[in-house]
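Here are some notes on the model, as numbered points. Please read them with the structure open.

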Amino acid sequence: MTGFSPKGVLTVDIVNFSQMKNQDQLSAILKLIEFLQGAVPEKENHPSRRVWSPAGDGGSMTFEDIYAALETAKTLAKLINQHNQIQSADSPSFQVRIGLHSGTVTKEVDFDNNKFVRLQFDTD
């Protein structure tokens, strides 16, 4: 286990994912990854500056800078809105839930040497 205390965490998950057909789920995950790749600020787009932890229909991305997490969330929402505006009327819109967290996070490595993060919430 390695200590890691970033200043911001962006969480995102796909709305109605479990109701999608298998092929549509795969397509939605790939679409989310594409949007995230376009949303992360250039200076943060390096594994030493952020960690992506996938989880089912989304995941969380840690950042060293809370403003980078906020900027990524804003850009992600903008990219998805632009995408939805150009979709045909019979094509469903792509919707996600976005959350932001600021606080202590622990970076760990699982048995396959994949990085993941664990959020710690203070309940004072």
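1. Helix H1 gives the largest share of the lining of the second largest pocket, 3 residues. Helices (H or I, at least four residues) and strands (E, at least two) are DSSP runs, numbered from the N terminus. The pocket holds about 150 Å³ of space, and its lining has 5 nonpolar, 2 polar and 1 charged residues. Ala, Val, Leu, Ile, Met, Phe, Trp, Tyr, Cys and Pro count as nonpolar, Asp, Glu, Lys and Arg as charged, and the others, Gly among them, as polar.

2. On sources: this is a predicted model, in which local features need pLDDT of at least 70 and side-chain atom pairs count only at pLDDT 80 or more, while totals for chains, interfaces and linings use all residues. Residues are numbered from 1 along each chain as its sequence is written, and side-chain values use heavy atoms, with hydrogens and water left out.

3. The largest pocket contains about 310 Å³ of space. Its lining is made of 13 residues, of which Met20, Lys31, Pro92, Ser93 and Phe94 lie nearest its centre. By class, that lining has 5 nonpolar, 6 polar and 2 charged residues. A pocket here is an open set of points on a 1 Å grid over the protein atoms alone, where a 1.4 Å probe fits, with protein on both sides within 12 Å along at least five of seven lines; lining residues have an atom within 4 Å of a point. Grid points are joined across faces, edges and corners, and a volume is the space filled by probe spheres set on the points.

4. The secondary structure comes to 2 helices and 7 strands, in the order β-β-α-β-β-α-β-β-β from the N terminus. Of the 124 residues, 35% count as buried (under 20% relative accessible area; exposed is over 50%, partly exposed in between; 1.4 Å probe, protein chains only).

5. The largest nonpolar core has 19 residues, of which Ile14, Leu32, Phe63, Leu76, Phe94 and Val96 touch the most other members. Strand S2 (8–14), helix H1 (22–39), strand S4 (58–63) and helix H2 (66–85) are the elements that give two or more residues to this core. Such a core is a set of buried Ala, Val, Leu, Ile, Met, Phe, Trp, Tyr and Cys residues joined through side-chain atoms within 4.5 Å.

6. By the ring rule there is 1 aromatic pair. Phe35 and Phe94 form this tilted pair, 5.5 Å centre to centre with 50° between the planes. Phe35 is in H1 and Phe94 in the loop between H2 and strand S5 (96–101), 59 residues apart. Rings of Phe, Tyr and Trp (its six-membered ring) pair if their centres lie within 6.5 Å; planes under 30 degrees apart count as stacked, over 60 as edge-to-face and the rest as tilted. Phe35 is buried at 9% relative accessible area, and Phe94 is buried at 6%.

7. Glu44 sits in the loop between H1 and S3. Is Glu44 buried or exposed? Glu44 is buried, with a relative accessible area of 0%. Leaving aside neighbours within four places in sequence, Glu44 is in contact (heavy atoms within 4.5 Å) with Arg49, Arg50, Phe63, Glu64, Asp65 and Ala68.
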